[in-house]
Amino acid sequence: MGGKEDPTANGSPKSESMAGKKASPPDLLSSISLKSLKLKTKQQELLLRVSILGLVYVLAFIARLFSVLRYESMIHEFDPYFNYRTTLFLTEKGFYEFWNWFDSESWYPLGRIIGGTLYPGLMVTAALIYWTLRFLRFFVHIREVCVLTAPFFASNTTLVAYFFGKEIWDTGAGLVAAALIAICPGYISRSVAGSYDNEAVAIFALLLTFYLFVKAVKTGSLSWALASAFGYFYMVSAWGGYVFIINLIPLYVLVLLITARYSLRLYVAYNCMYILGMLLAMQIRFVGFQHVQSGEHMGAMGVFLLMQVFYFLDWVKHQLNDTKLFQTFLRITVTSAILVGGIALGVGTASGYISPWTGRFYSLLDPTYAKDHIPIIASVSEHQPTAWSSFMFDYHILLFLFPAGLYFCFKRLSDATIFIVMYGLTSLYFAGVMVRLILVATPAVCLISAIAVSATVKNLTSLLRTKQKVPQTGSTKGAGSSKSSSKVTLDQSQPFQKNGAIALLVGVFYLLSRYAIHCTWVTSEAYSSPSIVLAARGAHGNRIIFDDYREAYYWLRQNTPTDAKVMSWWDYGYQITAMGNRTVIVDNNTWNNTHIATVGRAMSSYEDEAYDIMRSLDVNYVLVVFGGVTGYSSDDINKFLWMVRIGGGVYPVIKEPDYLVNGEFRVDKGASPKMLNCLMYKLCYYRFGELVTEYGKPTGYDRARGVEIGNKDIKLEHLEEAYTTSNWIVRIYRVKPPTNRL
Amino acid sequence: MVKSTSKDAQDLFRSLHSAYSATPTNLKVIDLYVVFAVFTALIQVAYMALVGSFPFNSFLSGVLSCIGTAVLAVCLRIQVNKENKEFKDLAPERAFADFVLCNLVLHLVIINFLG
């Protein structure tokens, strides 16, 4: 830190005499105060900036630690368990084994080529941090590194946001952007401690790539473009959302071309980044050749060719110095380029060489597509369109600061502000289509809002710092000079300007403090639950922990043969393999829809048909999640209709109307007979009819659905109950071998 | 109509030729390198059309190394050209060092991708 210098180095005679006075011990206390350090303004500013950034860095880290403090240091949710398992494998077996890993413990009997179907960035990052710490002789467990990776990278994102804000506007905007993004709930939701998911490092990589690219466009330097290519490589290795970058940057280049901002710096930056970035991206096995074969990446290639055409035309124009000749040349070249490009694109798409947009991304452009055609994508709750309340919940005051920031950006248009405007608008559109993408829009919203806050505060404080202008003789002279320098001096006709500025500043301070309170409250209440451990308040206000999931998985781990195969719905697959260490039939990767449909069919058939399916898959144990005793609403009965839809999508014998009564899903006496006798119903409600769950209600009262169940007398023929957890949340059944035929 | 377009084309070629011979030698060397790289890429594409595109990663790495080094050379040309006012405070040695660094990264990735 350059701030705490020896005051004698400042060189003014006044400070030297003060320093001489300070040397005596009784004046030690006074020497600590900032004023007596007698720093120059620049050094004071540097000290302020560095200390603010340091505080924001620490804030971003500690705001995400609620669940570690309340529960324990564990991995949350479902997907992070797969990432944890692969990271564990990487640290134990090394990179070569990890890159070529074929896993036979999931998707029995198909197996899964993990090495070729994952994004390795997160695992490699965590492993590198782990190996670095071990090298420095800090022998931490890999789980601790995994849990704290997300907050660490969130802190790094605030630093990148500061530099990005500095590029777009000035250092004040950078500082505000760093502070806003440190606690913004939209980002915290996917980066709390324990949420060991791809987005933890992906948002850092995204913002880094964008910052480096904007810097490359500003300076026209090849080394910045190379750095942005590496940033893009990191993003591709980390998350499938890299498609956003490879489409936004060409769109940005296109907008610059249309607004007549073509420059040689842009040419250098985009070309270097595209070629090197594309080559680096193809090193990831999961991405493969998509950059030259997939329809989602063709925009970048099209803009690349367009840039060559632009450069060539520009060069010819420069050489010719004769407009008439150039016009004819222009006409010929442009028509032939468009013709060739159009024919190539048409042939490629028609022959199927260029694959069309995949379902996941096509549903962003047409939100109704997934519901009609791909029920698996439609069933994920994160893929639903966003409600207004989610926007308010995740952004708070940033919602109205965003348009204000857009106004400021349009007032001072440059290559950098055009980029941030485009990033903000496109990402907000996609955030409106899919809830999960609020995360991608958060950095843009924070940056643009920071511009609004910084510019407003700057204007207001400059009003406060001006000296009162001495009234000139004659009113006309005063009016004239006040008009010419209206910004710096106070307008005589508005005597309360200073008071108004102070009032507005207090208002801004109030808004920002409400934002901080809201963010902390949201983080604490909504985004810090591990999902695998549930908590509730008892009758006396004490906290009751439901640790049923882990109880069941550890029962599996310790009480079943090591080659046992477990069938459950795909949500729990990753957790079963990671914590139970047993082979599963389907898991969260959902790469094989038919296999999932087979499991769905088994769950929704009568016990005999289901037994045949389970024998064909070599299933030994079946695991279901049941929330009737605790009132837990994310259980398998509530997910049952999705099982029916997905199963029915592949096997027409499963028909959704069979399970509904007048279009309504019921589990009580009025439910359809198919529903009352299907495997899922039997497994969930076995022996439940004898249980009293709530005072004053009959036995077999399902607290999650709020009804008394219809079929209480359940007999299982081919399965037997193996284990039910203490709160009946997870129930495990053993599949009996076929009876001996006589 | 045909006569006027052919006359236009001839004028075009002549003025281009005369303007181009005025460019300094170092830029002409870079242009020659670019033409060589693009020509190599075209030969590779023609070979692929004859023999088939398996293994695809080798074909891609070959073609992209040629295109990549051509594009980087064009960027070098832009930065070294004294007529470009945007780059007048960039030392040509720095531009060449950037060019070498980017080519190094390009070819390292190509070697990994070649299979």
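This is a predicted model: local features need pLDDT of at least 70, side-chain atom pairs count only at pLDDT 80 or more; totals for chains, interfaces and linings use all residues.

**Chain A overall**
- Chain A has 742 residues, of which 53% count as buried.
- Its secondary structure consists of 33 helices and nine strands.
- Where contacts in chain A join residues at least 6 apart in sequence, 72% of them link residues at least 24 apart.

**Helix α8 of chain A**
- Helix α8 covers residues 142-168 of chain A, 27 residues in total.
- From its first C-alpha to its last, helix α8 of chain A reaches 38 Å, close to the expected 39 Å.
- Of the 27 residues in α8(A), 20 are buried, and the helix is mostly covered.

- In soluble globular proteins, nonpolar side chains tend to be buried together.
- The largest nonpolar core here has 238 residues, and those with the most contacts inside it are A:Phe164, A:Phe210, A:Tyr270, A:Leu398 and A:Tyr685.
- Helix α14 of chain A, residues 264-281, gives the most to this core, contributing 15 residues.
- Another core lies apart from it and has eight residues, including A:Leu313, A:Val316, A:Leu325 and B:Leu12.
- Beyond its neighbours within four places in sequence, A:Tyr685 is in contact with residues including A:Phe626, A:Ile637, A:Asp702 and A:Arg731.

**A buried arginine**
- A:Arg85 lies in helix α5 of chain A, which covers residues 79-93.
- A:Arg85 counts as buried because its relative accessible area is 13%, and the cut-off for buried is under 20%.
- Not counting residues up to four places away in sequence, A:Arg85 touches A:Trp101, A:Asp103, A:Glu105, A:Ile114, A:Thr577 and A:Ala578.

**Annotated spans of chain B**
- An unreviewed UniProt entry lists residues 30-50, 56-76 and 96-114 of chain B under "transmembrane region".
- Residues 56-76 of chain B are 100% helix and 0% strand, with end C-alpha atoms 30 Å apart.
- Residues 96-114 of chain B are likewise 100% helix and 0% strand, and their end C-alpha atoms are 26 Å apart.

Terms used:
Residues are numbered from 1 along each chain as its sequence is written. Chains are lettered from A and ligands numbered from 1 in the order in which they are written. Side-chain values use heavy atoms; hydrogens and water are left out. Helices (H or I, at least four residues) and strands (E, at least two) are DSSP runs, numbered from the N terminus. The expected span of a helix is 1.5 Å times one less than its number of residues. Buried means under 20% relative accessible area, exposed over 50%, partly exposed in between (1.4 Å probe, protein chains only). UniProt positions are given in the numbering used here, feature names are shortened, and annotations may be inferred rather than shown by experiment. A nonpolar core is a set of buried Ala, Val, Leu, Ile, Met, Phe, Trp, Tyr and Cys residues joined through side-chain atoms within 4.5 Å. Contact means heavy atoms within 4.5 Å.
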